Amino acid sequence: MQKVDVAVVGASFAGVSAAIMLARARRSVLVIDDGVTRNRFAHSSHGFLGMDGAAPAAIREKGLAEVLAYPTARHMAGRVTGITGQRGAFVLQGPEEVQAERVILAFGQRDVLPDIPGLAECWGQTVAQCPYCHGYELADRTTGLLAVDAIPMHHAAHLQDWTDDLVLLENGVPLMPEEAEKLERLGLRRAAGRVVRVHQSEGAIEAVELDGGTRVEMRALYLVTWQEPASDLAEALGCEVEETPMGRHLKVDDHQRTSVPGVFAAGDLARPFPSATQAASTGNRAGAACHQDLLGILE
Ligand SMILES: Cc1cc2nc3c(=O)[nH]c(=O)nc-3n(C[C@H](O)[C@H](O)[C@H](O)COP(=O)(O)OP(=O)(O)OC[C@H]3O[C@@H](n4cnc5c(N)ncnc54)[C@H](O)[C@@H]3O)c2cc1C
């Protein structure tokens with residue numbers, strides 16, 4: 001069985017940023033990853049320092065190569081299927097069994113998309129969740145805003161700097177009178193009725209179809225997705241989870257410690273407002289805190 005100081009589950013923005021701190025502290029660190037990042041549907045990633053517009057996989061590969069240049073860092077390709085044990089002696093099951101004194105969970109979140117035919121084909125291309133990630137490229141288009149469980153009032157106000165032709169797709173979600181007033185002030189059009197289909201060609205949205213048969217034309221669509229941890233490892237370990245309007249996330253303290261001693265978490269998994277930079281930032285913090293925990297100096 002391989003033995004390391006720290007095992008990091010997930011080698012993307014958060015996991016690689018955590019691992020590099022430990023490698024620079026000359027600790028043995030193993031990153032285990034099965035290469036299924038949250039942003040894999042997008043052709044390019046935006047807003048990440050020094051790599052704006054690069055392909056998501058290219059950023060990950062560059063980061064991983066940098067960490068693996070350190071002699072105490074290693075990478076294992078594959079999926080971790082279970083973690084048992086406790087602080088000082090965790091055992092990870094996966095492609096190979098690994099023993100680790102500490103664990104950093106950086107396995108990300110998955111987006112739960114509404115079950116509307118045609119929507120998934122456009123995800124990350126012309127259907128998006130975050131205007132900072134996609135808004136510049138999708139600007140000045142006729143744009144839809146899909147209500148899923150609630151009316152996305154924040155997005156309705158937010159998108160004003162990217163388009164002045166925005167249509168709210170109510171999708172059967174009831175609208176409060178004060179919401180309707182605010183949407184009118186913002187100049188949004190509204191389309192009642194449930195969205196039953198997205199018409200698209202190779203990921204380029206053309207229109208949505210409502211349950212009465214009406215077609216609403218658009219060239220971009222935003223929605224707020226519900227997010228879930230990409231793996232059930234943390235919950236199986238007993239890590240506390242919190243629910244926010246964006247989904248379910250691991251609860252961590254200011255040092256990225258989960259509720260289970262010796263287990264840290266970083267990235268989308270541990271915060272409700274995700275971005276690649278935020279994931280790298282919390283990974284950096286988790287790596288340093290984990291190192292200090294190994295030294296016994298973490299308060
Ligand atoms: C379509 C889309 C586009 C986006 N565009 C942008 C953008 O332009 N700019 C931006 O800042 N943010 C963007 N984001 C958000 C960004 O992708 C995330 O904030 C970021 O990827 C989070 O990094 P992470 O390291 O926490 O998780 P991820 O990048 O999701 O990486 C998690 C890693 O863990 C691995 N993993 C999961 N489970 C296991 C397991 N059991 N065993 C082993 N490995 C496992 C996965 O394979 C994956 O490699 C976008 C998101 C989406 C959905």
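A disulfide is counted here when two cysteine sulfur atoms lie within 2.5 Å of each other. The model is predicted, and by that cut-off the structure holds zero disulfides. Two of the cysteines show how the cut-off applies: the sulfur of Cys122 has its closest cysteine sulfur in Cys133, at 17 Å, which is too far for a bond, and the sulfur of Cys290 has its closest cysteine sulfur in Cys239, at 13 Å, again too far for a bond. Cys122 has a relative accessibility of 0% and therefore counts as buried, and Cys290, at 0% relative accessibility, counts as buried too.

| Cysteine | Closest cysteine sulfur | Sulfur distance |
|---|---|---|
| Cys122 | Cys133 | 17 Å |
| Cys290 | Cys239 | 13 Å |

The second topic is the packing of two helices. Helix 1, which covers residues 13–24, packs with helix 2, residues 56–68, at an angle of about 15°, and their axes are 9 Å apart. Because angles under 35 degrees count as roughly parallel, helix 1 and helix 2 are described as roughly parallel to each other. The crossing of helix 1 and helix 2 is left-handed. On the side of helix 1 the contact is made by Phe13, Val16, Ala19, Ile20 and Ala23, while helix 2 contributes Ile59, Gly63, Leu64, Glu66 and Val67. Sorted by class, this contact of helix 1 with helix 2 has eight nonpolar residues, one polar residue and one charged residue.

Key
Residues are numbered from 1 along each chain as its sequence is written. This is a predicted model: local features need pLDDT of at least 70, side-chain atom pairs count only at pLDDT 80 or more; totals for chains, interfaces and linings use all residues. Side-chain values use heavy atoms; hydrogens and water are left out. Axes are lines fitted to C-alpha atoms, for helices over the stretch in contact, and angles run from 0 to 180 degrees between N-to-C directions. Helices (H or I, at least four residues) and strands (E, at least two) are DSSP runs, numbered from the N terminus. Angles under 35 degrees count as roughly parallel, over 145 as roughly antiparallel, 65 to 115 as roughly perpendicular and the rest as oblique. A crossing is left-handed if the near helix is turned anticlockwise from the far one by less than a right angle, and right-handed if clockwise. Contact means heavy atoms within 4.5 Å. Ala, Val, Leu, Ile, Met, Phe, Trp, Tyr, Cys and Pro count as nonpolar, Asp, Glu, Lys and Arg as charged, and the others, Gly among them, as polar. Buried means under 20% relative accessible area, exposed over 50%, partly exposed in between (1.4 Å probe, protein chains only).
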